[in-house]
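Have the sequence and the 3D view open as you read.

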Amino acid sequence: MTKRKWRSLIAVLTLLMMTSCSGNAESTPTPGLPGAQMAFTVMSSGGMAPAVYQALASPSLAIFGDGRVLRAVEAPALQLVPVRYELARIDPAAVASFVADVEAGGLISPETDFGTPRMTDLPSTTVMVHGRGAAAQVRPYAFDERFAARLTPEQRGARVALRTVINTALALVNGATFVAHSPDRVAVYEIPTSGAGGPSAPGWPGPPPSAFLTPSTDRRAIACGELVADPAEVVYRAALANPGARWVIDGDTRILAVNSLPLPSDCS
């Protein structure tokens with residue numbers, strides 16, 4: 001993508017950010033997206049972190065086609081419990097318009113060069129957009145602007161443009177009312193464990209793992225599965241009070257990490 005295209009995308013998104021705040025601009029309606037579809041997500045993961053932390057990683061921001069917006073609640077660093085979310089609802093037309101503008105800009109593409117800062121063991125930031133066609137994502141490494149000094153002007157420009165996209169997504173919820181969110185679907189990852197983990201591990205509150213876990217090729221876990229409806233909520237609530245995700249199951253201590261916002265590809 002050229003600098004001219006970056007500037008054009010930034011200008012369009014800045015205008016969208018301003019109109020989402022004012023609510024006064026007139027525009028051509030954009031057809032809505034499927035309600036359950038994750039239309040836009042931002043997620044940080046990777047780097048030097050325990051396997052259980054990687055299993056618990058989930059988006060900091062997720063916007064759905066029906067206007068639901070899930071925003072992660074600030075938590076202490078490396079708190080090994082599921083991410084807590086708050087929920088707001090916005091106009092689905094605003095979501096569709098935002099997604100269409102981002103896709104038209106072409107920034108979120110494998111062809112965009114964000115550069116690779118010469119730092120080690122830092123996380124990457126995944127930004128995904130999914131409109132009418134296939135989902136697209138980028139995953140710039142060490143996305144903090146402090147690490148961009150030695151990148152090329154084009155690579156720095158791409159990072160500036162991506163931050164504008166993220167800030168515009170966040171601005172969509174300006175003025176919206178947020179409420180605490182309790183998931184009706186969670187993913188459960190089993191992590192290899194060494195040692196008994198101490199006598200304080202609580203009993204597993206969900207169905208027997210053998211009833212829903214299957215072997216996984218995911219680097220995060222040896223097995224994975226999903227729970228929905230009441231079991232999902234019960235397990236999520238218990239996991240919030242169990243840092244480290246160690247549970248006693250049939251007399252054995254196992255690590256079962258409960259992810260409160262699994263991505264569509266998880267456990268598939």
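Residue classes come first: Ala, Val, Leu, Ile, Met, Phe, Trp, Tyr, Cys and Pro count as nonpolar, Asp, Glu, Lys and Arg as charged, and the others, Gly among them, as polar. This is a predicted model, in which local features need pLDDT of at least 70 and side-chain atom pairs count only at pLDDT 80 or more, while totals for chains, interfaces and linings use all residues. Residues are numbered from 1 along each chain as its sequence is written, and side-chain values use heavy atoms, with hydrogens and water left out.

The protein has 5 helices and 12 strands; these are DSSP runs numbered from the N terminus (helices H or I, at least four residues; strands E, at least two). Of its 268 residues, 43% are buried, where buried means under 20% relative accessible area and exposed over 50%, with a 1.4 Å probe and protein chains only.

How confident is the predictor? On the pLDDT scale, from 0 to 100 for each residue, the protein has a mean of 87. Helix α1 (residues 3–22) has the lowest confidence, at a mean of 56, and strand β2 (residues 61–64) the highest, at 98.

Now to the spaces themselves. On a 1 Å grid over the protein atoms alone, a cavity is a set of points where a 1.4 Å probe fits but cannot get out; a pocket is an open set with protein on both sides within 12 Å along at least five of seven lines; and lining residues have an atom within 4 Å of a point. Grid points are joined across faces, edges and corners, and a volume is the space filled by probe spheres set on the points.

| Space | Volume | Lining by class |
|---|---|---|
| Largest pocket | about 990 Å³ | 21 nonpolar, 8 polar, 5 charged |
| Largest cavity | about 40 Å³ | 10 nonpolar, 1 polar, no charged |

The largest pocket is lined by 34 residues, and the closest to its centre are Ser-44, Tyr-53, Ser-58, Ser-60 and Val-83. Strand β1 gives the most to this lining, with 3 residues.

The structure holds 1 cavity of 30 Å³ or more. Among the residues lining the largest cavity are Leu-56, Asn-242 and Trp-247, and strand β12 (residues 252–259) supplies the largest share, 3 residues.

Ser-200 sits in the loop between β8 (185–191) and β9 (214–215), and its relative accessible area of 67% is why Ser-200 counts as exposed.

Terms used: pLDDT = per-residue confidence, 0-100.
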